[in-house]
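The following briefing covers domain organisation and helix packing. Please consult it alongside the sequence and the model.

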Amino acid sequence: MEQNKAIEACRAFPATRNPVSCERYGHGHINETYRVLTAEGGDYILQKVNRGVFKSPEQVMRNIALVTEHVGKKLVAKGRDPLRGTLHLCSAEDGKPYYIDADGELWRVFDFVRDSLAIQMPRSTEEFASAGHAFGEFAAMLSDFPAEQLYDVIPQFHDTPKRYRDFLAAVERDVCGRASEVMPEIEFYRARADYYHTLMRAHERGELPLRVTHNDTKINNILFDADSGAPLCVIDLDTVMPGFTVNDFGDAIRFGASTAAEDEVDLSKVHFSVEKYKAYATAYLAGAGDGLVPAERTMMRDGALMMMLECGMRFLTDYLSGDTYFRTTREKHNLDRTRTQIRLAEETEAAWDQLQQD
Ligand code: ADP
Ligand code: GN1
Ligand code: MG
């Protein structure tokens with residue numbers, strides 16, 4: 001059924017009109033991704049954009065078209081191959097970079113970046129640091145992008161005080177009757193209520209600027225060269241919007257400076273690695289160049305802690321609300337994710353003084 005819809009969508013794009021295979025691909029929590037091989041020997045990524053999450057998918061597509069064009073030009077200026085350094089959208093029959101099916105679902109096709117692979121967990125500190133360099137460079141390439149041209153596709157995406165209010169509302173509603181079983185986790189987030197304003201207040205004081213940020217800087221949103229292992233391309237551009245650089249830094253840390261997967265059940269395996277944090281921070285700053293203001297350096301550790309707290313409370317909000325947002329494959333999946341984020345946040349708080357950046 002799902003598969004039939006995907007094949008029908010393939011046929012709406014000249015590039016993928018003759019698919020010989022169309023299989024589910026990747027580990028994303030939001031969109032539906034397929035890898036498509038064609039009779040002509042083409043290799044593509046087909047995605048159905050999640051309409052529950054992205055209320056105006058056409059706006060998402062406009063943002064991606066603008067950002068990939070901008071990054072493509074920067075890559076050419078640096079003498080790098082834009083075909084491997086950024087995403088390329090394929091046009092549908094009608095010339096638009098997407099197709100809307102009879103159910104109103106939006107589908108898009110990207111060239112599969114050749115000889116690339118995504119990794120789910122950094123295999124070494126060096127590999128993680130190389131991702132930091134790539135995300136830093138990505139930020140630098142977007143530093144002169146006119147932010148007002150971008151739609152705010154998910155308003156208040158990393159507004160942590162708002163995420164906290166949503167979380168409290170989900171606790172209050174308790175639609176699945178799950179709150180009583182997660183009281184320690186709920187208390188953990190309540191105990192930190194005063195902290196969630198930290199970045200927004202620094203912004204209001206004029207210390208932390210809004211910039212064009214990626215907003216989903218997990219390591220599996222970078223493609224690496226299959227042969228050399230070097231980072232090639234930043235992908236998953238759905239949430240490129242104005243935001244804080246420290247949150248992009250922090251989201252990468254929350255995912256990649258953990259010693260275990262985001263949904264690890266055995267918490268004894270989950271630790272925050274100060275070594276990985278520092279290596280990533282150094283490489284990120286090198287990639288970003290000299291355009292950052294002081295608070296974007298001194299508040300990097302706040303970005304890390306904030307993303308652990310925010311993401312954990314988003315997972316718990318979804319658990320309490322019946323698992324409607326993040327893709328889950330087992331009953332307590334979102335709760336397991338919450339618990340890893342709590343563990344990381346606790347260890348980050350304990351290591352706080354070692355994370356100071358001047
Ligand atoms: P999600 O928003 O669901 O995380 P992504 O856009 O990150 O979706 O895509 C999911 C996975 O598909 C990626 O982690 C990567 O493995 C693969 N992928 C996406 N786009 C490409 C591409 N253009 N070339 C090669 N692989 C890709
Ligand atoms: C979602 O699709 P994916 O897995 O890259 C989410 C991020 C979360 C992440 C947690 C649009 O990203 O914000 O940090 O899951 N994306 C959206 O793994 O909500
Ligand atoms: Mg992704």
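Contact here means heavy atoms within 4.5 Å. Helices (H or I, at least four residues) and strands (E, at least two) are DSSP runs, numbered from the N terminus. The model is predicted: local features need pLDDT of at least 70, side-chain atom pairs count only at pLDDT 80 or more, and totals for chains, interfaces and linings use all residues. Residues are numbered from 1 along each chain as its sequence is written, chains are lettered from A and ligands numbered from 1 in the order in which they are written, and side-chain values use heavy atoms, with hydrogens and water left out.

**Domains**

- The protein chain comprises domain 1 (2-114) and domain 2 (125-355), with bounds from an automatic or database domain assignment.
- A distance of 25 Å separates the C-alpha centres of domain 1 and domain 2.
- Contact between the domains involves 28 residues of domain 1 and 28 residues of domain 2.
- Domain 1 and domain 2 bury about 2700 Å² between them, 59% of it on carbon and sulfur atoms; buried area is the accessible area (1.4 Å probe) that two parts lose on being put together, summed over both.
- On the domain 1 side, the most area is lost to domain 2 by His29, Asn63 and Val67, which together account for 24% of what that side buries.

**Helices H5 and H6**

- The axes of H5 (residues 160-173) and H6 (residues 183-191) come within 11 Å and cross at roughly 145°; axes are lines fitted to C-alpha atoms, for helices over the stretch in contact, and angles run from 0 to 180 degrees between N-to-C directions.
- H5 passes H6 in a left-handed crossing (left-handed if the near helix is turned anticlockwise from the far one by less than a right angle, right-handed if clockwise).
- Tyr164, Phe167, Leu168 and Val171 of H5 meet Ile186, Tyr189 and Arg190 of H6.
- This contact of H5 with H6 has six nonpolar, no polar and one charged residues, where Ala, Val, Leu, Ile, Met, Phe, Trp, Tyr, Cys and Pro count as nonpolar, Asp, Glu, Lys and Arg as charged, and the others, Gly among them, as polar.

**Packing of H9**

- H4 (residues 125-141) and H9 (residues 274-288) pack at an angle of about 30°, with their axes 7 Å apart.
- H4 and H9 are therefore roughly parallel to each other (under 35 degrees; over 145 is roughly antiparallel, 65 to 115 roughly perpendicular and the rest oblique).
- The contact includes Phe128, Gly132 and Phe135 of H4 and Tyr280, Ala283 and Tyr284 of H9.
- By class, twelve nonpolar, five polar and three charged residues form the contact of H4 with H9.
- H9 and H11 (residues 300-320) have axes that come within 12 Å and cross at roughly 120°, which makes H9 oblique to H11.
- Tyr277, Ala281, Tyr284 and Leu285 in H9 meet Met300, Arg301 and Ala304 in H11.
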